[in-house]
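User: I've got a structure open here and I'd like to talk it through with you. Can you take my questions as they come?

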Amino acid sequence: MKQQLIILSDLWGSEKSDWLIYYTHILNQKYDIVYYDSCLLGNVDTSSNDQQLIHQQFVEGGIRKAVSQLIELEQNPIKILAFSIGGLIAWRYGLLTGNIKSLICISSTRLRKEVYKPKGEIELYFGDKDAYRPPMEWFINQNVKFEVIPNKHHEIYTEREFAEELSLNICNHQSHKK
């Protein structure tokens, strides 16, 4: 029987997630994947297609709603792969429930504002050109595994090469690079 892997979307949800196939075509070999659209979890209206408006909805209550929904949906310890805002949702879920076996976040820049970390194995990935990634002292204070990828921006998770390498390493229980 395959282990379950929860995937939490970025701020665009399933609307603009064609890149997700780069992960799932590999991860499906080892995991039963459960996908959650962060916008649906947070009751965020994406009809405007305006990134700032969508982000504002998350900040003004959507994150809290999404965390509450995830708590209702997932009541046992879980393994999570999360992108951007999905990483913050997963992080706060872990803080409130203690139900994180492992959490891999890519480009979850709002984590920089978090003071406490959830229990469980945590790995974080950021592009070094992502202007909003946490500062180095945050990583040290949080005592988490992290990697800052050279010459990459916030959207690193949408790149096929990164996605496939990370997915293979997740299947092999390794970090992105050793």
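This is a predicted model: local features need pLDDT of at least 70, side-chain atom pairs count only at pLDDT 80 or more; totals for chains, interfaces and linings use all residues.

User: Is Asn99 buried or exposed, then?
Analyst: Asn99 sits in the loop between helix 4 and strand 4. The cut-off for burial is under 20% relative accessible area. Asn99 has 13% relative accessibility, so it counts as buried.

User: Going back to helix 4, which residue just after it takes a positive phi?
Analyst: Helix 4 has 13 residues and reaches 18 Å from its first C-alpha to its last, close to the 18 Å expected at 1.5 Å a residue. Its buried residues include Trp91, Tyr93 and Gly94. Just after the helix, phi is positive at about 70 degrees, and the residue is Gly98.

User: How far apart are the end C-alpha atoms of helix 6?
Analyst: Helix 6 covers residues 160-171, which makes 12 residues. At 1.5 Å a residue they should span 16 Å, and the model agrees, so the distance is 16 Å.

User: And which residues of helix 6 are buried?
Analyst: What covers them includes helix 1, strand 2, strand 3, strand 4, strand 5 and strand 6. One of the buried residues is Leu166, with a relative accessible area of 1%. The list reads Phe162, Ala163, Leu166, Ser167, Asn169, Ile170 and Cys171.

User: What separation do the C-alpha atoms of Leu166 and Ile26 have?
Analyst: Leu166 belongs to helix 6, and helix 1 (21-27) is among the elements covering the buried residues of that helix. Leu166 and Ile26 are 140 residues apart along the chain, yet their C-alpha atoms are separated by 9.7 Å.

User: Let's move to the loop between helix 2 and helix 3. Which residues is Gly42 in contact with, leaving aside neighbours within four places in sequence?
Analyst: Gly42 is in that loop, and it is buried because its relative accessible area is 1%. Its C-alpha is 8.6 Å from that of Ser68, 26 residues away along the chain. The contacts of Gly42 are Gly62, Lys65 and Ala66.

User: What is the phi of Asn43?
Analyst: Asn43 lies in the loop between helix 2 and helix 3, and at 60% relative accessibility it counts as exposed. Most residues other than glycine have a negative phi. Asn43 is not a glycine, but its phi is positive, at about 55 degrees.

User: Is Asn49 buried, exposed or partly exposed?
Analyst: Asn49 is placed in the loop between helix 2 and helix 3 and has a positive phi of about 60 degrees. Its relative accessibility is 44%, so it counts as partly exposed.

User: Last one: which helix gives the largest share of the lining of the largest pocket?
Analyst: The largest pocket has a volume of about 520 Å³. Of the 21 residues that line it, the closest to its centre are Leu11, Gln51, His55, Ser84 and His154. Helix 3 (51-73) and helix 4 (85-97) each supply at least two lining residues. The largest share is three residues, and they come from helix 3.

How values were computed. Residues are numbered from 1 along each chain as its sequence is written. Side-chain values use heavy atoms; hydrogens and water are left out. On a 1 Å grid over the protein atoms alone, a cavity is a set of points where a 1.4 Å probe fits but cannot get out, and a pocket is an open set with protein on both sides within 12 Å along at least five of seven lines; lining residues have an atom within 4 Å of a point. Grid points are joined across faces, edges and corners, and a volume is the space filled by probe spheres set on the points. Helices (H or I, at least four residues) and strands (E, at least two) are DSSP runs, numbered from the N terminus. The expected span of a helix is 1.5 Å times one less than its number of residues. Buried means under 20% relative accessible area, exposed over 50%, partly exposed in between (1.4 Å probe, protein chains only). Contact means heavy atoms within 4.5 Å.
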